[in-house]
Amino acid sequence: MDAETVRSALKMEDERSVAWLSDLEKLGSPPEPVRLPRGDEARELLRRLGVPELDVEEIVAAAPEPDRDPALWWLLERTHHAIIRNMGDCRVKRRGAPNLPSGTGAAGRYFHVYVFLATVPSVRGFHESRGIPEKVTWESLAQLGDSVATYRRKHGEGGMDTQWWTAYFLSGIVYQLGRLQFSLAVGRDGTPELGLHIPEAGGPLKGTIFYDSLCLARPFFDRHFPEHGADVLTGTSWLLDPQLEEYLSEESHIIRFRRAWTRIEGDPEPGDDAILEFVFHYNGEPLDELPQRTSLERAVVAHLRAGRHWYEYAGHLPLP
Ligand code: MFK
């Protein structure tokens, strides 16, 4: 099996997929053979990773077999290898793997779930080597369940397409500590940082939940990654767009928490796609069909209807 055979068998024609296959061919097979859990073992693991019940059964049923699906298996082994080879190293630039063409069916839509399952033992081994508590391991890896649930909500069928993000969890870079997620990162000049990420799962940032979680970060990283030594949190988000102040009330958590952040100099990135994704799981619907239940939903739509745009700003906050 080689990249060209895989490309033709799976009909991966776009430029990005072809480049990815070529990289994987150079990388070769992983040091240990890939093993996919099956049957009840797979069900138990998927439930532990927070995957919804409906998807659990479809994932188990569509799992590729090395003899029956040699092209998918070739891809699975090497995608897994690409993730584990720089475990815990946040200085390496990671290229997100593409989605598989629609003709690959359920096995293709769930392909990156199989990569995830095949990589759980490696990332658990890495966490153990760093003394990371099992609770943090499982809470972090439950990102898979959120990603699978989001895909169904958005597309109305099972799958997973946020592999660029789940790969960071599988590489030992991102950790869920309380309500928030933190990633090992470095700034442009190589200064160590912790990236902050606010997952949707967990709901509103009520009470002290946001600050309590921030306070977990320094002790965790000092203990398990003492060589990193970050003093600052960084993030890039629609949440830091100052135009939100025009629409949300003073009681809004977003408004209250964003004011503590210092914006990093420079032009913001276009943010319409990001805010539509995070607020509506947007899938191209006309603006006047989007729900208008909350002040934020109304703000996003009114702003775009007025011909204005949203932006993503980068900011930082000293690590408490
Ligand atoms: C806030 C600190 C800024 C620091 C930023 C650092 C960088 C972060 C980098 C990232 O993680 S980017 C991705 C950020 N995560 C998301 O966008 C996930 C989806 N968003 C959410 O889950 C919520 O927006 C979030 C938990 C972040 C905040 O929800 P809250 O605590 O409910 O916000 P807030 O300000 O109290 O809500 C004000 C109004 O907007 C309320 O409506 P009403 O005024 O009508 O009562 C909320 O119900 C509504 N709202 C908030 N988030 C909403 C939403 N409505 C629809 N969709 C949402 N996602």
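**Exercise 1.** Leaving aside its neighbours within four places in sequence, which residues is Gln181 in contact with?

*Solution.* The model is a predicted one, in which local features need pLDDT of at least 70 and side-chain atom pairs count only at pLDDT 80 or more, while totals for chains, interfaces and linings use all residues. Residues are numbered from 1 along each chain as its sequence is written, and side-chain values use heavy atoms, with hydrogens and water left out.

Step 1. Apply the contact criterion, heavy atoms within 4.5 Å. Gln181 is then in contact with Gln143, Trp165, Phe169, Val174, Tyr175, Gln176, Gly195, Leu196, His197 and Pro199.

Step 2. Gln181 is found in strand S2 (residues 180-186); helices (H or I, at least four residues) and strands (E, at least two) are DSSP runs, numbered from the N terminus.

Step 3. Classify its accessibility. Buried means under 20% relative accessible area, exposed over 50%, and partly exposed in between (1.4 Å probe, protein chains only). Gln181 has a relative accessible area of 2%, so it is buried.

Step 4. Look for a polar contact, that is, a pair of N or O atoms within 3.5 Å; within protein, one must be able to donate a hydrogen and the other to accept it, and residues adjacent in sequence count only if both atoms are side-chain atoms. The side chains of Gln181 and Gln143 are joined by such a contact of 2.9 Å.

**Exercise 2.** Determine how many aromatic pairs the structure holds, and characterise two of them.

*Solution.* Step 1. Rings of Phe, Tyr and Trp (its six-membered ring) pair if their centres lie within 6.5 Å; planes under 30 degrees apart count as stacked, over 60 as edge-to-face and the rest as tilted. The count is eleven aromatic pairs.

Step 1. For Tyr175 and Phe225, the centres are 5.6 Å apart and the planes stand at 50°, so this pair is tilted. It links distant parts of the chain, 50 residues apart: Tyr175 is in strand S1 (residues 174-177), and Phe225 is in the loop between helix H11 (209-224) and strand S4 (232-237). Tyr175 is buried at 0% relative accessible area, and Phe225 is buried at 1%.

Step 2. For Phe220 and Phe221, a centre distance of 5.0 Å and planes at 80° make the pair edge-to-face. Phe220 is buried at 8% and Phe221 is buried at 4%.

**Exercise 3.** Identify the closest residues around the ligand and the polar side-chain distances to its oxygen atoms.

*Solution.* Step 1. A residue is near a molecule if one of its heavy atoms lies within 4 Å of it. The ligand is surrounded by 25 residues, the closest being Ile198, Leu205, Ser252, His253 and Ser295.

Step 1. A side-chain N or O atom of Ser252 is 2.6 Å from an oxygen atom of the ligand. For a polar side-chain atom of His253 the distance to a ligand oxygen is 2.8 Å, and for a side-chain N or O atom of Trp238 it is 3.0 Å.

**Exercise 4.** Count the disulfides, and classify Cys90 and Cys215 by accessibility.

*Solution.* Step 1. A disulfide is a pair of cysteine sulfur atoms within 2.5 Å. The count comes to zero disulfides.

Step 1. Cys90 is buried at 19% relative accessibility, whereas Cys215 is partly exposed at 32%.
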